[in-house]
Amino acid sequence: MSKLDKEVSHEQSQAGLMEEKYGFQFDLEILSSAYWQHKGWYLAPAFCTWLRMAMEDPDRRTEVVLLACGSFNPITNMHLRLFELAKDYFHETGKYKVIKGIISPVGDAYKKKGLISANHRVTMAKLATKNSDWVEVDDWESCQSEWLETLKVLRYHHQKLLSAGVTNSLQDAGPITKLGRKRKQEPNSHEPIKKKNQSQAVKSVPQVKLLCGSDMLESFGIPNLWKLEDITEIVEKHGLVCISRAGNNVQKFIYESDILWRHKDNIHLVEEWIPNDISSTRIRRALRRGQSVRYLVPDGVRAYIERHGLYSADSEGSNAGVPLAPLQKHLPEPSQPLSS
């Protein structure tokens, strides 16, 4: 049997397994990469990725929750694009399944210049995601009276998923059998047959990964903005998904950081091939000058901003001269004079 015949035979058997699993028949000529190579055609990588994902057991893929923290002042179409880009990236690997996206606006205690109230920012984020079937807004962080480190937000959502996983596992396990006299078995009744590998152990908890742009990743290098132990735990135990904008040399930044380089395998870099330089700062500037932001933010967000008269020159001056909360919190204590 020739090498080509062996490849075609293998893919035919794979097609049979797929037909048995998914309940419909695949066209072998379309399915077979060996066939197309023999014909001198190039099989698209995207189709190969889809084929590999279809053949793999979906239950074996690692579930991922994408968490985006930030000001969202206001939320823009680019913020929403980050989620879609990251989801496409993970699904194309065939190893991950993104099950949820979470937007977590920072609280007012962050004290960033021009930051409007969390109530407005959360409401706009909810308007922006109201038509999404997988991205949602969580207001836990924004409701805190004090500013919280991003690591604490990651821990919170990880623990939330862990608790939900334990609850679901207990529900799947069925009612607990009480000790006591055995119930008389009815005639012709049978005990349910347990699956060979059925386990009542807690299902693996989805990984919560921090979704960010290159600007957030590069902010790791700003003195006193992040604690080194926080950065280490984020990249080691959770992981980063960084969407790099055009012109940002993120790989060089990772290379120059010992912490990031040590955990580079847990930092997923996603290239944005369609340039999109929308930013909240530029949106606010346009609004202060009375310029249109249509098609830069979701329509519901634009209408909300207009209705409430947000982002004026006065609002941009809020918190001016006030250090950011992390800088206040992480600044080293002044050295004490040596006693004589």
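## A buried serine

Ser142 is buried, at a relative accessible area of 11% (buried means under 20%, exposed over 50% and partly exposed in between, with a 1.4 Å probe and protein chains only). This is a predicted model, in which local features need pLDDT of at least 70 and side-chain atom pairs count only at pLDDT 80 or more, while totals for chains, interfaces and linings use all residues. Residues are numbered from 1 along each chain as its sequence is written, and side-chain values use heavy atoms, with hydrogens and water left out.

You will find Ser142 in the loop between strand 3 (135-137) and helix 7 (150-173); helices (H or I, at least four residues) and strands (E, at least two) are DSSP runs numbered from the N terminus. Beyond its neighbours within four places in sequence, Ser142 is in contact with Pro105, Val106, Gly107, Ala118 and Val122 (contact means heavy atoms within 4.5 Å).

## Helix 6 against helix 13

Packed helices are described by the angle and the distance between their axes. For helix 6 (residues 118-129) and helix 13 (residues 299-308), the axes come within 8 Å and cross at roughly 150°; axes are lines fitted to C-alpha atoms over the stretch in contact, and angles run from 0 to 180 degrees between N-to-C directions. Helix 6 brings His120, Thr123, Met124, Leu127 and Ala128 to the contact, and helix 13 brings Gly300, Val301, Tyr304, Ile305 and His308. By class, this contact has 6 nonpolar, 4 polar and no charged residues (Ala, Val, Leu, Ile, Met, Phe, Trp, Tyr, Cys and Pro count as nonpolar, Asp, Glu, Lys and Arg as charged, and the others, Gly among them, as polar).
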